[in-house]
Structure formats: structure tokens, C-alpha cells
Amino acid sequence: MHLAYPAVLAALLFCVGLYGVLARRNAILVLMSVELMLNAVNLNLVAFDVWLRDTLHSGQALTLFTIAIAAAEIGIGLAIVLAVHRNRGTSDIDRLRDTAETDDAEALPEAPGTDDADHRDTAAPPGRAAGNAGPTNTNAGRTKKAEATA
């Protein structure tokens, strides 16, 4: 068997997968494109293993390892996509860029040794001064996002 046939097929599969990753907006199609790229690598591993006549069949063993890693990756990826789709209502990658929460209420607590740190009460939750009797805004950013999507 000539090595050029599986190598060309693997290169074509990899290019189709790369195009799918770069051009698609649906997260599930991106995951399928990543699988195409991994299968192209697996095809190359097996083809070179056969061409080199390796007695240990290390290319095939590495292919089995890659298949196991790909199965785990797809399981975790689909779980993430389903969770995002339930929360956001879409799996469009361009609309998911605002997933990072930038709430002002969830700022880091002050470092010990500052002036305000000496006035804290031990019963007050972390990040909240004891003298602050007003309502807290811990979910202000989340409610704004929920109202905007509703």
C-alpha cells in the first residue's frame, strides 16, 4: 500500500475539520469538526504504523488512546453545550462571548492591613463591612441579565 493515499485522505479530513472549527457558529458542529481532525490524526498514526511495519504497533496503540481521549472530550463538551443551551437558550458561539460575569458586587475582598479591614465585624460575611446596614447587591448583575433576556 502506498503511503500517499491515506496521507492525502487524512490531510483532506483535517482541512475539512479545520474549516468547520473556524467557520461554524454552532457549538455541536464545532465539536464534530474537532472529531474530524482527531480522526485524521488517527488515520495518519495507523497508516504510518503499517508503512513502517512496527512490531510493537505503537501507532495503533496511540490511536486507541486518542479515541478514548476523544470520547471523554465529546462527553464533557456535550455536557457543557447542553448546560449553556439550557441557561442561554442558544448554542451559537458568537452569542456566548458575554458568559464572563463582570459584576461589581462580586469584587475581591480587601487585603488585610488596609484601613477598612480593621472595622469589620466577625459576624459579617466576607467582603461585607459590619457597619453597612443597607441591602446588598450580590445578584444585581444577574437580575439585569435575566431581565434583558426575558
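F48 and W51 both belong to helix α2 (residues 27-52), where they are three residues apart, about one turn of the helix. Helices are DSSP runs of H or I with at least four residues, numbered from the N terminus. The model is predicted: local features need pLDDT of at least 70 and side-chain atom pairs count only at pLDDT 80 or more, whereas totals for chains, interfaces and linings use all residues. Residues are numbered from 1 along each chain as its sequence is written, and side-chain values use heavy atoms, with hydrogens and water left out. Rings of Phe, Tyr and Trp (its six-membered ring) pair if their centres lie within 6.5 Å; planes under 30 degrees apart count as stacked, over 60 as edge-to-face and the rest as tilted. The count by this rule is one aromatic pair. The ring centres of F48 and W51 are 6.2 Å apart and the planes stand at 85 degrees, so the pair is edge-to-face. F48 is partly exposed at 36% relative accessible area, and W51 is partly exposed at 48%; buried means under 20%, exposed over 50% and partly exposed in between (1.4 Å probe, protein chains only).

**View 1. The nonpolar surface patch.** F14, L18, L22 and V41 make a nonpolar surface patch of about 350 Å². Patch residues have over 30% relative accessible area and no salt bridge; nonpolar side chains (Val, Leu, Ile, Met, Phe, Trp, Tyr) are joined within 5 Å, and like charges within 9 Å. A salt bridge is a side-chain nitrogen of Lys or Arg within 4 Å of a carboxyl oxygen of Asp or Glu. Helix α1 (residues 4-23) gives the most to the patch, with three residues. V41 is located in helix α2 and is partly exposed, at 36% relative accessibility.

**View 2. Helix α3 and its buried residues.** Helix α3 (residues 58-88) has 31 residues, which at 1.5 Å a residue should span 45 Å; the end C-alpha atoms are 44 Å apart, which agrees. The expected span is 1.5 Å times one less than the number of residues. G59, T63, T66, A70, G77 and V81 are the buried residues of α3, and they pack against α2 (contact means heavy atoms within 4.5 Å). G89 follows α3 and has a positive phi, near 85 degrees.

**View 3. The loop between α2 and α3.** R53 lies in this loop and has a positive phi near 55 degrees, although R53 is not a glycine. R53 is exposed, with 72% relative accessible area. H57 is also found in the loop, and its phi is likewise positive, near 55 degrees, in a residue other than glycine. H57 is partly exposed, at 41%.

Notes: Helices (H or I, at least four residues) and strands (E, at least two) are DSSP runs, numbered from the N terminus. Accessible areas come from the Shrake-Rupley method with a 1.4 Å probe; for residues, only the protein chains shown count as cover.
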